Amino acid sequence: MSLVLYGHPLASFCHKVLIALYENGTPFEDRLVDFSDESSRADLFRYWPVGKMPILRDEARDSTIPETSIIIEYLDRHYPGEAHLIPVDPDRALQVRLWDRFFDLYVQTPMQKIVADTMRAADVKDPQGVADARGTLEMAYDMIERQLAGNLWISGDAFTMADCAAAPALFYSETLVPFGAERPKLAGYYRRLVERPSFSRVLKESLPYFKFYPYKHQLPETIRKAMPAE
Ligand SMILES: N[C@@H](CCC(=O)N[C@@H](CS)C(=O)NCC(=O)O)C(=O)O
């Protein structure tokens with residue numbers, strides 16, 4: 001198979017690319033990266049010394065594509081399907097890229113900060129950084145609530161790369177900072193994302209791994225009930 005995705009079923013940025021692949025039914029091979037296994041870890045770092053996942057290997061073109069937004073743009077250009085996750089119209093495409101950046105920088109990043117701090121030793125915890133991250137999530141939620149006025153998806157009526165970024169970001173951030181009754185549009189958007197077949201499939205495949213998520217007790221009840229017994 002030409003396309004190989006190096007990633008992990010629990011990793012939110014990997015979910016973002018999986019959604020894009022599933023939206024178009026793009027064939028690919030899934031290669032699980034296990035950071036606790038030296039050779040698996042070396043496999044990833046050999047291609048991308050930054051060490052962040054996912055990365056996409058395109059064996060047919062002998063190229064390595066890192067960074068989720070670049071991966072989705074690459075798939076759109078070289079392996080297009082029926083779902084155009086980047087609009088053809090340049091101004092609409094710009095809006096999609098803006099909201100894609102927004103979810104990565106102001107939802108995923110603070111969400112990861114809070115989760116990572118949980119796993120730090122007591123003497124190196126960063127309470128101020130975590131409080132700032134929570135504040136960023138509240139600010140982002142308010143902006144999303146306003147943006148959704150009249151929009152089915154984040155940048156209009158079509159599901160795009162920005163929604164691929166939104167789904168895992170909001171799925172995990174909601175376990176840390178709930179949306180609150182004052183943000184009904186955000187709550188409705190979240191439900192549409194979770195019910196979207198591409199993301200629903202990603203979540204189903206992640207079920208055996210959610211037991212490793214430090215905030216697993218705050219996952220939605222439907223997910224907790226569907227998780228295999230430990
Ligand atoms: N900007 C990167 C972020 C990727 C990222 O942060 N991936 C996480 C997994 S969700 C990771 O590899 N974490 C491992 C680490 O930081 O050591 C992208 O969009 O691909």
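Which residues surround the ligand?

1. The ligand site. Ala11, Ser12, Phe13, Phe35, Lys52, Met53, Glu67, Thr68 and Gln112 surround the ligand, where a residue counts if one of its heavy atoms lies within 4 Å of the molecule. This is a predicted model, in which local features need pLDDT of at least 70, side-chain atom pairs count only at pLDDT 80 or more, and totals for chains, interfaces and linings use all residues. Residues are numbered from 1 along each chain as its sequence is written, and side-chain values use heavy atoms, with hydrogens and water left out.

2. The side chain of Lys52 has an N or O atom 2.6 Å from an oxygen atom of the ligand. For Thr68, a side-chain N or O atom is likewise 2.6 Å from a ligand oxygen atom. Glu67 places a polar side-chain atom 2.7 Å from a nitrogen atom of the ligand. The ligand taken alone exposes 520 Å², and the protein buries 73% of that; these areas come from the Shrake-Rupley method with a 1.4 Å probe.

3. Backbone at Glu67. Glu67 has a positive phi, near 70°, and is not a glycine. Glu67 sits in the loop between strand 4 and helix 3 (68-78); helices (H or I, at least four residues) and strands (E, at least two) are DSSP runs, numbered from the N terminus. With a relative accessible area of 44%, Glu67 is partly exposed. Here buried means under 20% relative accessible area, exposed over 50%, and partly exposed in between (1.4 Å probe, protein chains only).

4. Two other backbone points. Asp62, in the loop between strand 3 and strand 4 (63-66), has a phi near 45°, also positive in a residue other than glycine. Asp62 counts as exposed, at 59% relative accessibility. Met53 and Pro54 are joined by a cis peptide bond, with omega about 10°, and Pro54 is in the loop between helix 2 (38-47) and strand 3 (55-58). Most residues other than glycine have a negative phi, and most peptide bonds are trans.

5. Helix 5. In helix 5, the buried residues are Gly129, Val130, Ala133, Leu137, Ala140, Tyr141, Ile144 and Glu145. They lie on the same side of helix 5 because they cover an arc of only 150° around the axis, taken from the directions from the axis to the C-beta atoms. The face turned away from this buried side carries the exposed residues Gln128 and Arg146. Cover for the buried residues includes helix 4 (90-118), helix 6 (161-173) and helix 7 (184-195).

Note on methods: Contact = heavy atoms within 4.5 Å. Polar contact = N/O pair within 3.5 Å; in protein donor to acceptor, adjacent residues only side chain to side chain.
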